[in-house]
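Biologist: Could we go through this structure together? I would like to begin with the strands.

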Amino acid sequence: MYEKDGEEIFVIDGHVHLWDARQENIVHEGGEQFLQCFYDYHTGFTPEEEQWDIDEYRHYGADRMTEDLFGNAAADMAIFQPTYLDEFYDEGFNTTEQNAELAEEYPERFVLNGSFDPRDGEEGLRYLEHLKEEYDIPGVKLYTAEWRDESKGWRLDSDDAFEFLEKCSELGIENINAHKGPTIRPLNRDAFDVKDVDDAASSFPELNFIVNHVGLPRLDDFCWIAAQEPNVYGGLAVASAMSTHRERKFGDIMGELLFWLGEDRVLFGSDYALWNPDWLVEQVINAELTDEQKDEYGVELDVETMKKIMGENAAELYDIDIEEKKRQFRDDDITERFDLADHYGGDAGAAAD
Amino acid sequence: MSGSGTDPAGDRAGDPTRESADEPTGDAADGLRGTPAVRERLDRVEDPELARSIVELDYVDAIEIDGDRVEVRFTLPTAWCSPAFAWMMATDARDEVEALDWVDEARIELCDHMHGEEITTGVNARDGFGETFPDADGDVAAVRAAIADKARVSRQREAVQLLLDAGVDAEQIVSLVRSDLTVVEEEAHVDLGGLSVVVDAAPIADYLDRVTTSGHVTAPGDTLFLTPEGGPIPPEQLDVVQKRSRLATVNMGGQGAVCDALHRARHGPDGPDGSGSPSFDESAADGATYDGDVDEFTSTWTVGTDD
């Protein structure tokens, strides 16, 4: 846990992956290009001394991931967002099942989301039920721009997707994480589209729609939709990394998000292993708006706001009791392993809330 | 913009490691032939997502000239850049270069892109996007229109702010039509029913350019400033429209930062050709961090210029 201005900040990293892009798992050249593109994102927004080499980036494994997230208490908890990409990777890139290996080892530390693809039809619905039954998933991560056979993507506001959202609602899978950011393999349909979130969000007010990457490069469409739909949230993956080298851009984006969505609907995510919370969390927590930005947007990036963005907002969505977690983390396996008792031993939490 | 890469006159002397082998010599005396002329045309080609020149953004790897044939190679920040955008840049580059009267044929090569081969082949064969990508939905024209509209929204803010600062009130601003505006050299004259206000022409001209390209405000009687949806602005909504316009600008700037970082990650600090010529302004890169507006970080790396 971090402390800033005497306040503890409980960090829930809202966006992490345990992926496998080793050569032997790649079955299509797209898989290699995809990983290389990720690596460019990594090096482009990572301080030089924190950059990984490409081989450790391909596959870092559960052990290293645990250490990166929790070893120095950068994050207190993390939320898995699976990415299947079955056409590119033999065993999948980062599936629910792959993530589950680690999530089930430390269930108190991880939230495990599942996924669906409406093009899977009846079989997909059964798979969703299976994920709920097997892992009790509280949410799904969706890739609307993924190609599949003849299809070049799908829309959240289609009849097929609604059937799946209906199923989510029925099963109590409340958190719909949609990747609306840099596209996976777009031709033109999806290139500018975040609008399908609008109809889905108003049709399913009981579900929460977390738009990953805050819609970049469609931040404008995203914010305008979110301003009107109270169950639409912004996930900061990718955007948070802009605090490296691009502080002012990061400040502008935060200013816009806080202006249009308010401080209760923005969620931190590192997108690990794209970026490592090991250094990113601290960097984001210490990010500041310039005076000019504060004037322009009329918002503050103060400790109270930071506490919400870094953990409390995710806790709200995923029914996590932060005070209960702090007590639990005084002596859980992770705390034992990394000797973190000091982080959770204080009584500071008692005064809060 | 402070970009130093956009001004052909500001180019550094030719990088000896990057000269074009078949550069026609002696023809460039009037400045209208050779690589500078090609660069000048390419400078008009924009990355549609960023509304900024591909020369300024350093996408152009090489220009080779062989008599009346020109070859341009370019690379985008990521292999995953939307093929529709890549297609637009490639066809625009071809058409701009071929607009030079001494050029008979321009050949464009898109390097290191997931659809590089298809796009290179399609553009040079003069095929349409639909022929090259038969399974794509919609067409490039629709994407162009959507992008042009974003640029329009983004540029409106500065023009409106200029008028607000000049004392024109919201009611007056939203009821202006195209013919109320006259741009004369450095000045824009705004006719407010007999009363005329004079403001700096640049933001107005820039806006007019974008709004016309977007297909709006084409007739003298057309309402000048519009909502992002393209309708008239109720006066009490001008403020929120201004904020949406700001948002469009921040979006474009944010994406610009992403593209710039990816571009530099792909090519390293030594430029796309590995020639050792810096891919960005060294003075700006000295510090461990730079407070990053891409505009401040525009490359001074230049393609093989001749002198």
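Biologist: In what order do the strands of the open sheet in chain A come?

Modeller: The order is β6-β7-β8-β9-β10 in chain A, five strands with parallel pairing. Strands here are DSSP E runs of at least two residues, helices are H or I runs of at least four, both numbered from the N terminus, and two strands pair if DSSP finds at least two bridges between them. This is a predicted model, in which local features need pLDDT of at least 70, side-chain atom pairs count only at pLDDT 80 or more, and totals for chains, interfaces and linings use all residues. Residues are numbered from 1 along each chain as its sequence is written, chains are lettered from A and ligands numbered from 1 in the order in which they are written, and side-chain values use heavy atoms, leaving out hydrogens and water.

Biologist: Which strands stand at the edges?

Modeller: β6 (139–142) and β10 (266–267) of chain A do; each has a single partner strand, so one side of each lacks a neighbour in the sheet.

Biologist: How many bridges join β8 to β9 in chain A?

Modeller: Four bridges join β8 (residues 208–212) to β9 (residues 232–235) in chain A. I210(A) is opposite Y233(A) in β9(A).

Biologist: Turning to helix α9(A), how many of its residues are buried?

Modeller: 11 of its 14 residues are buried, so α9(A) is largely enclosed by the rest of the structure. Buried means under 20% relative accessible area, with a 1.4 Å probe and protein chains only. Among the buried residues are F250(A), M254(A) and W260(A).

Biologist: What comes just after α9(A)?

Modeller: G262(A), with a positive phi of about 85°.

Conventions. Buried means under 20% relative accessible area, exposed over 50%, partly exposed in between (1.4 Å probe, protein chains only).
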